[in-house]
Amino acid sequence: MLRISTAYRPKGKAFRYPMPNCQKIVTDLKEKFPHIKRIYVKSAYQHIPDWYEKSLLNHYEGTYFPEHIENAGRASYVERNQEMINHSKYCVVYYDENYLPPKRRNSKRDLFDYQPKSGTAVAYDYAVKKKTEIINVAL
């Protein structure tokens, strides 16, 4: 079984910009390489309604919720992405290294903004560290 993780980050400030859909790219690859398995790794809800799971299984060969991210809070997406990368040979991303999310503050009392990393940048760096083969469709 060949697993491929997908992640994307928009160019610009909003998700409204046209970009390739990484899941569609993997689906197209699956037509040529039928041994590819598309697995949807849930990050927010361990239990989902049956109708939603059936909907996911129209587009994926499986879905699961990793137990170790149950109490991860805001970090659940990072941990979910790491889970996908850990179990994938390839990582398909839409990653523009020049994009930075808007600056923000930790709280209203902070005097200075900080520059957060995007979730895709964190996933990309993790995939590089794990020596996962990366297919960046933004290039």
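**Helix packing and cores of the predicted model**

Helix 3 passes helix 4 in a right-handed crossing, a crossing being right-handed if the near helix is turned clockwise from the far one by less than a right angle, and left-handed if anticlockwise. The structure is a predicted model, in which local features need pLDDT of at least 70 and side-chain atom pairs count only at pLDDT 80 or more, while totals for chains, interfaces and linings use all residues. Residues are numbered from 1 along each chain as its sequence is written, and side-chain values use heavy atoms, with hydrogens and water left out.

Four helices and six strands are present in the protein; helices (H or I, at least four residues) and strands (E, at least two) are DSSP runs numbered from the N terminus. The order of these elements, from the N terminus on, is β-α-β-β-α-β-α-β-α-β. Of the 139 residues in the protein, 36% are buried, where buried means under 20% relative accessible area, exposed over 50%, and partly exposed in between (1.4 Å probe, protein chains only). Among contacts (heavy atoms within 4.5 Å) between residues at least 6 apart in sequence, 62% join residues at least 24 apart.

Two packed helices are described by the angle between their axes and the distance between the axes. For helix 3 (residues 76-86) and helix 4, the angle is about 35° and the axes are 10 Å apart; axes are lines fitted to C-alpha atoms, for helices over the stretch in contact, and angles run from 0 to 180 degrees between N-to-C directions. From helix 3, Val-78, Asn-81, Gln-82, Ile-85 and Asn-86 meet Gly-119, Val-122, Ala-123, Tyr-126 and Ala-127 of helix 4. The residues of this contact comprise six nonpolar, four polar and no charged. In this division, Ala, Val, Leu, Ile, Met, Phe, Trp, Tyr, Cys and Pro count as nonpolar, Asp, Glu, Lys and Arg as charged, and the others, Gly among them, as polar.

The largest nonpolar core consists of eight residues, Ile-85, Cys-91, Val-93, Tyr-95, Ala-121, Ala-123, Tyr-126 and Ala-127. Such a core is a set of buried Ala, Val, Leu, Ile, Met, Phe, Trp, Tyr and Cys residues joined through side-chain atoms within 4.5 Å. At least two residues of this core come from each of strand 5 (90-94) and helix 4 (119-129), and helix 4 provides the largest share, four residues. A second, separate core of five residues includes Cys-22, Ile-36, Val-92 and Tyr-94. Within helix 4, the buried residues include Thr-120, Ala-121, Ala-123, Tyr-126 and Ala-127. Beyond its neighbours within four places in sequence, Ala-127 is in contact with Ile-85, Cys-91, Thr-132 and Ile-134. Just after helix 4, a positive phi of about 60° is found at Lys-131.

No disulfide, a pair of cysteine sulfur atoms within 2.5 Å, is found in a search of the whole structure. The closest cysteine sulfur to that of Cys-22 lies in Cys-91, at 8.4 Å, which is too far for a bond. Cys-22 is buried at a relative accessible area of 3%, and Cys-91 is buried at 1%.

Asn-136 belongs to strand 6 (residues 133-136) and is buried, with 15% relative accessibility. With neighbours within four places in sequence left aside, Asn-136 is in contact with Val-93, Tyr-94 and Tyr-95. The C-alpha atoms of Asn-136 and Asp-96 are separated by 8.8 Å, although these residues are 40 residues apart along the chain.
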